[in-house]
Amino acid sequence: MSRFRATLPDDLAAAAEFVATGGDWDEITQELVRRKEERVVVNMGPQHPSTHGVLRLILEMDGETVTETRLGLGYLHSGIEKTMEYRTWVQGSALSTRMDYVASIMNEAAYCLAVEKLARLTDRIPDRAQVIRVLMMELARISSHLVCLGSAGNELGGTTLMTIAFREREQVLRFFEMVTGQRMNNAYFRPGGLSQDLPDGALEWLKGVYPSMVRGMNDFDNMVMANPIWRARTVGIGVLNLAACMALGITGPMLRATGLPLDLRKDRPYSGYENYEFDVCTVDTADVYGRYLVRSNEMRQSMKIVAQCVDKLEAMGPGPVMVDDPSIAWPAQLEIGSDGQGQSPEHVKQIMSQSMESLIHHFKLVSEGFRVPAGQVFHAIEHAKGVYGVHAVSDGGTRPYRVHMREPSYNNLQSMALLCNGGTISDVVVCLASIDPVMGGVDR
Amino acid sequence: MTVLDPDAGEVVEQRQGAFGAHDSGDTSGFGGLTRLVELPGASPRPYGGWFDAAVDALTEDLDEAGASQAIEKVVVDRDELTLFIRRQDLKITAELLRDDPDLRFELSLGVNGVHYPGDAGRELHAVYHLMSVTHGRRVIRLEVTVPDADPHLPSLVEVYPTQDWHERETYDMFGIIFDGHPSLARILLPNDWVGHPQRKDYPLGGIDVRFKGATVPPPDQRRNYS
C-alpha cells in the first residue's frame, strides 16, 4: 500500500510524497496523472537490492527521463582510516582488507606495499612471497570481476548469469579459505611478506579446478556477450568518453573501455608484475557493454597470470615468505596442530622453556610492533576497480600517523550524474552496475 | 628556495614522556624522555631522475605566471617528489602542472588531509597526488599547509573536476575549507555531525566496562609506544 502524506513544509507543501513498497506503482502513477504532475523525485536506497550496498540515489525525473542524479554516501562509513591510527602497522592489514570486501586481498596488497616503501623494505621481499602475492591478487581480480558481471546480469533479470559467476567465484573463495583460513577479509598480506606459506596441496587443488574455471568464464561469455537482450540493454548506454574520464579521475575498466591502456601493472610494476606475460585489455566503445567486455577479457588475462604464478612457484620450490629481518617478521610460524590451529611447537618450546629473551622479543614485536621511519609515501596499484592509492604517513612510531586510501569506487561513483542524466530510469541501475562500486570501499 | 642540510628534518612535534600515559605517577624514570617528530626536510639538488627537469619546468612556468614564490620547498624522499606550495598559488600551480606539455599531470588522484597539531601555524596539511598519463604515469605530490585558525584553501574543482568529492571528504574529516568549491557539504558523515573526526584533537570515546565502575580509556589515552 502506498501512503500519501501532505506534511511537507512551505514551498514543498504542494508536493506529494509517496512511499513505494513494491507492487503499488499503478496507484502512484494514477495519483500523479490525477495531479497532472510530470516532475517526480525518486529516492532509491539506501536499502535497495540493486544499489550494490547502501548507496542512496536521488533521481529527479521528467516522465521516464532522468534529469538530475544526486548520490548520498556514508551509510557504511566506519572510520577505518581513523581506527588504523590506533593500531600497529601489522594490524592495519586486517583493517584495510575490510574496505573493498569484494577484492579484500588487493586492499591489503596496496596497504602493505605502501608500508614496505615507507619502511624501505620493498627490495627485500622474498621472491616466493612476491609470486604468491601476484597469484592471490589476480584471483581476487577474477573474483571481483565475477561479482560485477554476475550481479549486473542479475539486475537485468538474468539470474543464471549470477549463478554461473558465483559458481566460479566459489572456487576462488575456496582457494582463499584453504590458504588464508578465511573466504574474505583475509589479512593474509603483512608488511614484509605474507602471514604464512601456501599449505600442502593448495597448488594441486588450484590446478585441478583451473580448467573448469576457464570453462565457466567461457560459458558466461557465450551466454552474455553476444546475447541480443544483453546487448540491447548495454550497447551505447552510459557512454563516458576519455576526456570525461580524465576530468573525473576515472580509472580501471571504465577508463580502459575508452581505449586508454592505463594499467599500473604494466606502467608502474609492483610485486614483480614486469615478469609476467599478459595484455592490457581495451575497447573503444566507452559504453556499458565495453566495460563488461574489458572485465571479461581481463579475467582471462588474469587466469594466464595465475597459470604463470603456479609454474613459477613449482619451479622455485620452498622458500621464505617473510622478509629476513627479526625486527619485523614475527618469530612464530602458524602451524596446524592436532586441534586444527596453533603455532609451531618448536617456537612455543623455545619461548616457554628455553629463552626468556625470545619470549620478550615475541611479546614486544606483537604487542608493541615495529617502528617505521618518519615520512610519507604514496603507493598506487591496479585494483580490480581502478587505481587504488594509499597515502601513508609515519611519525616514526609503531602506528600509522595517517593512512588514506584513494578508493577507485569512491572516485568513480562521481560519474553517475554524467552517465544517467538524460537517460531513462531503466538505465540507471545498468550504469551503476557498470561502475562496479563496493560501498565498503566507498565509505570506508 | 634555500639549499639545506639533507639530514635536517622538519620538526613537527615534540613529545614528552613514554608510553603515552601522562597523568599517572611516573615510577619508571621514562617520563623525562623527549622525542622530536621529524619529517624529511628540504632536499638539495640534484633531486635525481625526472625530478630536476620537472621542477625546472614548473619554476619557469610559475615565473612567467608571476608566481615565482609559489614553491616553498622541494622534498625528495623514498623516490617521491613533494612540492610544498603556498596556498594562494595552489590553483595556478595545478593548472600549469596539468597544461604544460613537459609536465602534463592530467589525472588527479584526489586530496588528503594530515593534521599536525604540534606544527604551529601549519597545523593542517592538504596533500595532492597527481599522475601524468602522457609521461610514463609518473606521480607528483603537492603539499599545502594552512593554519588551524584560518583553514582556507583554494578549491581545485575547476582544474580537476574529480576533486569534488575528495575535497568534500577532506572538509568532512579535517574541516579544511576549500574556497570556490561548488557545494562544500559533508559527504561521509551526516550534515548535523559536530566536529571533524580525522583531526588529532577530535575526542574519542572510551568503552564502558561493567566492572566496579571501571572504564577502558579512549584509544588516544591508552598506553602506547608512539
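**Figure 1. The open sheet of chain B.** In this predicted model, five strands of chain B form an open sheet in the order 3-4-7-6-5, with mixed pairing. At its edges sit strand 3 (71-77) and strand 5 (107-115) of chain B, each pairing on one side only. From one strand to the next, the twist averages 20°.

**Figure 2. Strands 5 and 6 of chain B, with a helix across them.** Here we look at one pair from the sheet. Strand 5 and strand 6 (residues 124-132) of chain B pair in the antiparallel sense over 7 bridges. Helix 3 (residues 163-174) of chain B lies across both strands, running at about 5° to strand 5 of chain B.

Figure 3. Leu184(B) belongs to the loop between strand 9 (177-179) and strand 10 of chain B. Asp148(B) is 36 residues away along the chain, and its C-alpha atom is separated from that of Leu184(B) by 18 Å.

Figure 4. Chain B has 3 helices and 11 strands. Starting at the N terminus, its elements follow the pattern β-β-α-β-β-α-β-β-β-β-α-β-β-β. Of its 226 residues, 36% count as buried. Among contacts in chain B between residues at least 6 apart in sequence, 56% join residues at least 24 apart. The mean pLDDT of chain B is 85, with 89% of its residues reaching 70 or more. Confidence is highest in strand 6 of chain B, at 94, and lowest in strand 10 (residues 207-208) of chain B, at a mean of 72. Over residues 1-6 of chain B the pLDDT is below 50, and beyond near neighbours in sequence this stretch has 8 contacts in the model. Where pLDDT is low, the predicted coordinates should not be read in detail.

**Figure 5. Helix 6 of chain A.** This view moves to the other chain. Helix 6 of chain A covers residues 159-180, and its 22 residues should span 32 Å at 1.5 Å a residue; the end C-alpha atoms are 30 Å apart, which agrees. Buried residues of this helix include Leu161(A), Ile164(A), Ala165(A), Glu168(A), Val172(A), Phe175(A), Phe176(A) and Val179(A). The buried residues of helix 6 of chain A pack against helix 5 (127-155) and helix 7 (202-224) of chain A. Just after the helix, Gly181(A) takes a positive phi of about 95°.

**Figure 6. Where chain A touches chain B.** How many residues of each chain are in contact with the other? There are 37 from chain A and 34 from chain B. On the side of chain A that touches chain B, several elements supply at least two residues each, among them helix 2 (80-84), helix 9 (242-248) and strand 8 (375-383) of chain A. Strand 9 of chain A gives the most, with 4 residues. The residues on this side of chain A divide into 13 nonpolar, 13 polar and 11 charged. The model scores ipTM 0.88 and pTM 0.89.

Methods
Residues numbered from 1 in each chain as written. Chains lettered and ligands numbered in written order. Predicted model: local features only at pLDDT ≥ 70, side-chain atom pairs only at ≥ 80, totals over all residues. Expected span 1.5 Å × (residues − 1). Buried ≥ 20, exposed ≤ 12 C-beta atoms within 10 Å, placed from the backbone. Contact = placed C-beta atoms within 7 Å. Pairing = 2+ DSSP bridges. Axes fitted to C-alpha atoms, helices over the stretch in contact; angles between N-to-C directions. pLDDT = per-residue confidence, 0-100. Nonpolar A, V, L, I, M, F, W, Y, C, P; charged D, E, K, R; others polar.
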